[in-house]
Amino acid sequence: MYDNKKKAIKWGLLFVAYAIFFLPYFHSILYSVPTADDFSMIVNGKAHSGIVDDFVLSINVANARYMTWGGGWLSFFLQVFLNPILQFGYSGLRYGISLVFNIGISLFGVGFAFNLIYKHLCKVEDKFWRMALILLSMGAILLSDVYAEIFNWFTGSTYLWWFALELLAIALTAVYFKEYNKKIVIVLTIVGGIGCIGPQYCVPIGLTYLLFYANDCLKNRKINLKHLWPLLVFVCCGLSSVLAPGNSARNEMLGKNGLEYKDAIFYACIDLKMILKVIIKNPYVMLLVAAFFILGVLYNQKKKHEMKSPIIYFFIGIFIMVGKIYPVALGYGYYGTPNRVIFMLGAFILAYYSVLLFWFGEYIAYKYKLNMKSKDIMLLLCMVGVYGYSAIIMTGNATNSVWWMHVSQGKEVEREHDFYIGILSNIENSESDVIEIRKPIYQYTGLIKPLYFEDDESYWINVSIARYFDKESVRWIEEKKKK
């Protein structure tokens, strides 16, 4: 009876921790506003046109973009077909509700992948431990930085789908080479193949599979060709995206003379350096990073699982990161990588190394037969606490974490949402076909994506919104705020 009560309290506290961490984010997502690519992706699409018309429109847009803008045909298709403003319109909270549903599924996929990774790679058999580690892994990602394009913009949020597919493919690879289950390899091939359609996801999926395959060959002392066909699918799917006509066409539109294969290596390294600097400067993230190693030590000093050294994977990770950024740098070059892409690259780095640090802690506990006593653990926690407090104070980040911003500015987010939805409503209900908006572009929080109109009616966002509302033109003539 006592054990059941203790277990219920333990799980109850974990559930509360999940709720406290995620609910502020989902509140802001609920009050998101459609903008930029959401309108431009559907071109002349109208809400409530019918599923057949939406399907045809989605295919036409995906075909056009594959030939003129990029290689992610499936991504383009889904960004149109599942676009909330095409399916439900923009008014009320329908757009936000659809985003909550969409991002909730994406994060569930990420969590499921972490669960498989901790279970099969790190040998964490205890379900409670795995759920706690998943929360910390999510925390490391979401506390690092949150760009509005990912969590408050449908077209940007689709990057989370591919991030989930990427982690799931890596997790399923670990499971497959452990169990050699035919059903798993079929699911792995489908998930990994779709994941490899995204240029920045193909290298981690393919290279991770190749590493597991090579290790399997060395362990069994023979080359098993039947394990190679998933890798072949990954390569083909990746090439279908990277070598798409749209990449070269987009390159020419940006004024370049062909794809700069060598220069892209330099740009990839610059981006990687910038991402790492952002991660290292965040004291909350560094505290969590330290926690993974400590938890790995504490977990395995009790379980005493035999663990192999993960050191080689720390160095392999560098090649994976550069390979992950390279296709993006190839497309954008010196024009700069978009914030939403940078966030997803940083998210993968944190996911990868958080798992490795926990694994490394387990290895250290096993190799050196650690058996820390309560006083040792308390001393260690005090040291980490002092470091964390000092780092937070020194960086002036005590009340400026992303999570706290979502908590403390909830009402401001709601007002910002109403402000921009009101503007869209005025455009739709205006009797004139030539729209001029004379208001200050007032961004309350920076936590949701605002409408980025310009004074130029030919600007792509202005054109997209004008087409959506069947207007001749839309201009935003910014007025100064009244003091």
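Which residues are buried in H4?

1. **Basis of the model.** This is a predicted model, in which local features need pLDDT of at least 70, side-chain atom pairs count only at pLDDT 80 or more, and totals for chains, interfaces and linings use all residues. Residues are numbered from 1 along each chain as its sequence is written, and side-chain values use heavy atoms, with hydrogens and water left out.

2. **Burial of H4.** The buried residues of H4 are Ser75, Phe76, Phe77, Leu78, Gln79, Val80 and Phe81. Buried means under 20% relative accessible area, exposed means over 50%, and partly exposed lies in between (1.4 Å probe, protein chains only). Helices (H or I, at least four residues) and strands (E, at least two) are DSSP runs, numbered from the N terminus. Because 7 of the 9 residues of H4 are buried, this helix is largely enclosed by the rest of the structure. Its buried residues pack against helix H2 (37-41), helix H3 (51-68), helix H5 (84-87) and H9. Contact here means heavy atoms within 4.5 Å.

3. **H4 against H9.** The axes of H4 and helix H9 (residues 154-179) come within 10 Å and cross at roughly 130 degrees. Axes are lines fitted to C-alpha atoms, for helices over the stretch in contact, and angles run from 0 to 180 degrees between N-to-C directions. H4 and H9 are therefore oblique to each other. Angles under 35 degrees count as roughly parallel, over 145 as roughly antiparallel, 65 to 115 as roughly perpendicular and the rest as oblique. Leu74, Ser75, Leu78 and Gln79 of H4 meet Phe154, Thr155, Thr158, Trp161 and Trp162 of H9. By class, this contact of H4 with H9 has 5 nonpolar, 4 polar and no charged residues. Ala, Val, Leu, Ile, Met, Phe, Trp, Tyr, Cys and Pro count as nonpolar, Asp, Glu, Lys and Arg as charged, and the others, Gly among them, as polar.

4. **H6 against H17.** The axes of helix H6 (residues 94-120) and helix H17 (residues 339-367) come within 11 Å and cross at roughly 25 degrees. H6 and H17 are therefore roughly parallel to each other. Phe114, Ile117 and Tyr118 of H6 make the contact with Ala351, Ser354, Val355 and Phe358 of H17. The contact of H6 with H17 has 6 nonpolar, 1 polar and no charged residues.

5. **Aromatic pairs.** Rings of Phe, Tyr and Trp (its six-membered ring) pair if their centres lie within 6.5 Å; planes under 30 degrees apart count as stacked, over 60 as edge-to-face and the rest as tilted. By this rule there are 35 aromatic pairs. Trp11 and Phe128 have ring centres 5.3 Å apart and planes at 85 degrees, so the pair is edge-to-face. Trp11 lies in helix H1 (residues 2-30) and Phe128 in helix H7 (residues 127-144), so the pair ties together parts that are 117 residues apart in sequence. Trp11 is partly exposed at 29% relative accessible area, whereas Phe128 is buried at 18%.

6. Trp73 and Phe77 have ring centres 5.5 Å apart and planes at 5 degrees, so the pair is stacked. The two residues are 4 apart in helix H4 (residues 73-81), separated by about one helical turn. Trp73 is partly exposed at 28%; Phe77 is buried at 10%.

7. **Aromatic cluster.** One aromatic cluster is formed by Phe293, Phe314, Phe348, Tyr352, Tyr353, Phe360 and Tyr363.
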